[in-house]
Amino acid sequence: MVAKLTDVAELAGVSPTTVSRVINNKGYLSEKTKEKVHTAMRQLGYKPNNLARGLQGKSSKLIGLIFPKISNVFYAEIIEHLEHILFYHGYKVIICNSQNESQKEREYLEMLAANQVDGIISSSHNLDIKDYEQVEAPIVAFDRNLAPHIPVVSSDNFEGGRMAAFALQKVGCNNIIMFTGNDNSNSTTGLRRQGFNAVLPQAKVFNIPSDYSAIRKEMEIKTVLNNEKPHGIFASDDMTAILTMKIAEDLGLNIPQDLKIVGYDGTQFVENYFPQLATIKQPIKEIAELLVDVLLSKIEGHPVQESYILPISLLTGKSL
């Protein structure tokens, strides 16, 4: 049974008017009252129906996009493709920048559900599975396992890690290391690490968390280069690879004579402005097209697969 506003009021121990005021953010309400209402809404899976009167059963023609950091050049590029493709199909997008904060992600998810979006594409990964399972709108995940019934579209991250390791081996590197983020073993960077270690099981892997400041990242990378003196480095994203190249050159290392580097993503930005970087290229436009195709199939009630994995390729640059 679908929860009603009165159910929320009863569970929260407040009046229906108070629930309505919390939902519409009207008048003064204590933070304690707001939290009680939001907690009751989450427990009941209640979604405020903001557009119901206006839509009268019609499609909103809105798609929600939840991404962890839209300033990231990779996410920015895929969002641009998604917006363009969805607009062609008659949909407008609501872009939600969760910034890896679970509370922001939860509130964006509730907002999208409240506004009756026709579907959601999410690449965020902060919430418990139950939060996504309570959303009625069709959802497709990019690179993240959000819930058992939500299909996932990704590139072949494991093979990408293998490909990078083989590429560094092929050019004669001996002491090869990897720079990765702080994601868990089921994440994209975790899979890249697994692929890398499948080829080089003894290779050292150094975590450079994505939430580190630029200065902290530079300090960490410089320390590793000075201590380990690697011949080859696989960075799990291109921005870390580019930063590593800069630091190596500041230390007087010649690339690729002294140090060879392979990145990951292969965005248009990198191809245009850092063509010297060798990188594992994800088929970004094809990923966006597939995400939209799968989501539209779900919206139309057609069966879809549990997962879709697209092939990657190696862009050989002067850093290899």
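Trainee: In which strand does Ile63 lie?

Mentor: This is a predicted model, in which local features need pLDDT of at least 70, side-chain atom pairs count only at pLDDT 80 or more, and totals for chains, interfaces and linings use all residues. Residues are numbered from 1 along each chain as its sequence is written, and side-chain values use heavy atoms, with hydrogens and water left out. Helices (H or I, at least four residues) and strands (E, at least two) are DSSP runs, numbered from the N terminus. Ile63 falls within residues 62–67, which form strand 1.

Trainee: Is Ile63 buried or exposed?

Mentor: Buried means under 20% relative accessible area, exposed means over 50%, and partly exposed lies in between (1.4 Å probe, protein chains only). The relative accessible area of Ile63 is 0%, so Ile63 is buried.

Trainee: With which residues is Ile63 in contact, leaving aside its neighbours within four places in sequence?

Mentor: Contact means heavy atoms within 4.5 Å. With those neighbours left aside, the residues in contact with Ile63 are Leu86, Tyr91, Lys92, Val93, Ile94, Asp118, Gly119, Leu295 and Ile299.

Trainee: What separation is there between the C-alpha atoms of Ile63 and Arg42?

Mentor: Along the chain, Ile63 and Arg42 are 21 residues apart. The separation of their C-alpha atoms is 22 Å.

Trainee: Which side chain meets that of Arg42 in a salt bridge?

Mentor: A salt bridge is a side-chain nitrogen of Lys or Arg within 4 Å of a carboxyl oxygen of Asp or Glu. Arg42 counts as partly exposed, at 23% relative accessibility. Its partner also has a stated N to O distance, 3.3 Å, and is Glu35.

Trainee: How many residues apart are Lys204 and Glu228?

Mentor: The side chains of Lys204 and Glu228 meet in a salt bridge, 3.1 Å from N to O. This pair links distant parts of the chain, with Lys204 in strand 7 (residues 204–207) and Glu228 in helix 10 (residues 214–228), and the two are apart by 24 residues.

Trainee: Which parts does the pair of Lys246 and Glu218 tie together?

Mentor: Lys246 and Glu218 meet through their side chains in a salt bridge of 3.7 Å, N to O. The two residues are 28 residues apart in sequence, and because Lys246 lies in residues 238–250 and Glu218 in another helix, the pair ties together helix 11 and helix 10.
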